[in-house]
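Dear colleague,

I am passing this structure on to you, and I would be grateful if you read the notes below with the model open beside them.

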Amino acid sequence: MRNTLIFVLSYLVISSASAELVLRSFETGELKEEHWQIDQYKGCKIDHSTEQAKSGKQSIKFTAEPGTRCEILPKFGSPFLWWLFHEPFNEARWYSFSLFLPEPSEFSTENEVVAQWHSSRDRIFGEKGGRGPPLALRIRHGNWRITYGSDSDFLSEPGAKAIWPLWEQKVETGVWVDWLFKVRWSYADDGYIEIWKDGEQIVKYNGPNAYNDLRGVYLKLGSYHPRVNRVIYFDDIRLGDDEESFESMLREQTQQH
Ligand SMILES: [Ca+2]
Ligand SMILES: [Ca+2]
């Protein structure tokens, strides 16, 4: 019965989806409730800003104090179906965004997160949290650091799972950095992660990259648990399904949103 329900609802999601699921470039000056969920704790400011812009005249600026949570989650399609599934398993998904760290920026030897695909643990079966995001772009000790994790157990044993490094390189400040991710979420061997930074491929990984959960991951962008006072700008956030391609994800924007 559950499989039939999932099949029918999956069909509804797929049949109603277009290739480009999200394209947000922050030119309208407001974070509309139908487009964004805000995850904001004390010590976090999220503002449109004309100080930096990858496209148009504005970007979104996160100003986060140490230890806070300061993130936005893109919403799209039917709110109910999005809540029910989050990102799908076992099909190609594209994500891109540009981010800018001011010059100078402070760094710490400890880890913080600027983009994460958060998992959806099976709370109704008592599954514990603390596994960590199955894919994350982090900053640590002045380096970009990308990590992943997976677990095929339906009820994960408590403890961190997202511990595997994929790539690491010194951060750039004072410039926009373009990130592009292609992911097939799977806790089995048929998963993959491909990542391009400024158009150059930096990661090509084949293997498990997800947890065995009823619902998939969801993207969170901004600043999660910075260790110093963090200022970071994002622009041109884009999500696409398996009809997108490397070229289509990088094409110039023709509209301002
Ligand atoms: Ca913009
Ligand atoms: Ca689970």
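**What was found**

Tryptophan 94 lies in strand 6, where helices (H or I, at least four residues) and strands (E, at least two) are DSSP runs numbered from the N terminus. This is a predicted model, in which local features need pLDDT of at least 70 and side-chain atom pairs count only at pLDDT 80 or more, while totals for chains, interfaces and linings use all residues. Residues are numbered from 1 along each chain as its sequence is written, and chains are lettered from A and ligands numbered from 1 in the order in which they are written.

With 23 C-beta neighbours inside 10 Å, tryptophan 94 counts as buried; a residue is buried if 20 or more other C-beta atoms lie within 10 Å of its own, exposed if 12 or fewer, and partly exposed in between, with C-beta atoms placed from the backbone. Setting aside residues up to four places away in sequence, tryptophan 94 touches Lys182, Leu239, Gly240, Glu244 and Met249, a contact being a pair of residues whose C-beta atoms, placed from the backbone, lie within 7 Å. The C-alpha atoms of tryptophan 94 and phenylalanine 154, which are 60 residues apart along the chain, are separated by 26 Å.

Tryptophan 185 is found in the loop between strand 11 (176–184) and strand 12 (192–197), and this residue is buried, with 26 other C-beta atoms within 10 Å. Its contacts, leaving aside neighbours within four places in sequence, include Glu87, Phe89, Arg93 and Val217. Although tryptophan 185 and proline 88 are 97 residues apart along the chain, their C-alpha atoms are separated by 7.3 Å.

**The chain as a whole**

The protein chain has three helices and 15 strands, and buried residues make up 36% of its 257 residues. For 257 residues, a compact globule would have a radius of gyration near 18 Å, and the 18 Å of the protein chain agrees with that; the radius is taken over C-alpha atoms, and the globule rule is 2.2 Å times the number of residues to the power 0.38. Taken along the principal axes, the C-alpha atoms fill a box of roughly 55 × 40 × 35 Å. Among contacts between residues at least 6 apart in sequence, 72% join residues at least 24 apart.

The average pLDDT, which is the predictor's confidence in each residue from 0 to 100, is 92 for the protein chain, and 91% of the residues score at least 70. Over residues 11–17, however, the pLDDT is below 50, and this stretch has seven contacts in the model beyond near neighbours in sequence.

Strand 15 is joined to strand 1 (residues 20–24) by four bridges in the antiparallel sense, and two strands are said to pair if DSSP finds at least two bridges between them. Strand 4 (residues 59–64) pairs with strand 15 over five bridges, again antiparallel, and in that pairing threonine 63 has valine 231 as its bridge partner. Strand 6 is joined to strand 15 by six antiparallel bridges, with tyrosine 233 as the bridge partner of phenylalanine 100.

The largest nonpolar core has 46 residues, and those with the most contacts inside it are Leu99, Val114, Leu221, Ile232 and Phe234; such a core is a set of buried Ala, Val, Leu, Ile, Met, Phe, Trp, Tyr and Cys residues joined through C-beta atoms within 7 Å. Its largest share, six residues, comes from strand 15 (residues 230–240).

**The open sheet and some backbone details**

An open sheet of seven strands has the order 2-5-14-7-8-9-10, with antiparallel pairing. Its edge strands, each pairing on one side only, are strand 2 (36–40) and strand 10 (164–170). Five bridges join strand 2 to strand 5 (residues 69–74), and isoleucine 38 stands opposite isoleucine 72 in strand 5.

The peptide bond from glutamate 103 to proline 104 is cis, with omega near 0°, and proline 104 lies in the loop between strand 6 (92–100) and strand 7 (111–118). Histidine 86, which is not a glycine, has a positive phi of about 60°.

With best wishes

Technical notes: Contact = placed C-beta atoms within 7 Å.
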